[in-house]
Amino acid sequence: MNTELYRLVYLSQNNIAGDGDALHKEISQILRAARENNLKNEITGALMFNSEYFAQVLEGPHHQVESLFDRIQCDERHSGMTMLGFTAIESRSFPEWAMAYIGEESNLSDRFFMIAEETNFDLDNVSGDIVVETLLARLQQSTETSGEHKAA
Ligand SMILES: Cc1cc2nc3c(=O)[nH]c(=O)nc-3n(C[C@H](O)[C@H](O)[C@H](O)COP(=O)(O)O)c2cc1C
């Protein structure tokens, strides 16, 4: 079995209907399951969400990342996955996070805008690296201001 560390990055479209409480409840459920399962499966990463899109980074042993992604892909709460990369990595970018979450702040759409802008608004040009860098930078900012997001 391949025990090297891998990183998978994808974007997807939100299918969760409604807003406010209903949406918040679903996202909380996703994060609860993610954090519980990921800790057991040596997965770390980050999830970003605005009302339209998800962006997620999954890091861990090849087999674990692959089987988690198979499961996530079947989840009807999102669809239209765009895979941005599945590559071997030297070390984790989110070693302390079973699943960090960046979302629901008022300037969130700016984050997607930033990713879009850096790629000239061409989704085919969005690389996994850009998503990882953006998430890390934003996570750093929100940790400095609130310190609430640490998951593992
Ligand atoms: C955008 C998105 C991201 C998700 N990320 C994870 C994850 O990182 N880990 C995980 O175990 N489940 C994740 N899920 C949930 C899975 O699709 C699935 O519902 C869950 O793993 C089932 O867990 P359970 O068998 O413990 O109930 C995600 C779902 C969505 C829609």
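Mentor: Let us begin with the sheet. Five strands form an open sheet of mixed pairing, in the order β4-β1-β3-β2-β5. Strands are DSSP runs of E with at least two residues, helices are runs of H or I with at least four, and both are numbered from the N terminus. Two strands pair if DSSP finds at least two bridges between them. The edge strands, each pairing on one side only, are β4 (78-88) and β5 (100-103). This is a predicted model, in which local features need pLDDT of at least 70, side-chain atom pairs count only at pLDDT 80 or more, and totals for chains, interfaces and linings use all residues. Residues are numbered from 1 along each chain as its sequence is written, and side-chain values use heavy atoms, leaving out hydrogens and water.

Trainee: In which sense do β1 and β4 pair?

Mentor: Strand β1 (residues 5-14) and β4 are antiparallel, with eight bridges. In β4, Gly85 is the bridge partner of Val9.

Trainee: How many salt bridges does the structure hold?

Mentor: A salt bridge is a side-chain nitrogen of Lys or Arg within 4 Å of a carboxyl oxygen of Asp or Glu. The structure holds three. In one of them, the closest N and O atoms of Arg7 and Asp129 are 2.6 Å apart. This pair links strand β1 to helix α4 (residues 128-145), 122 residues apart.
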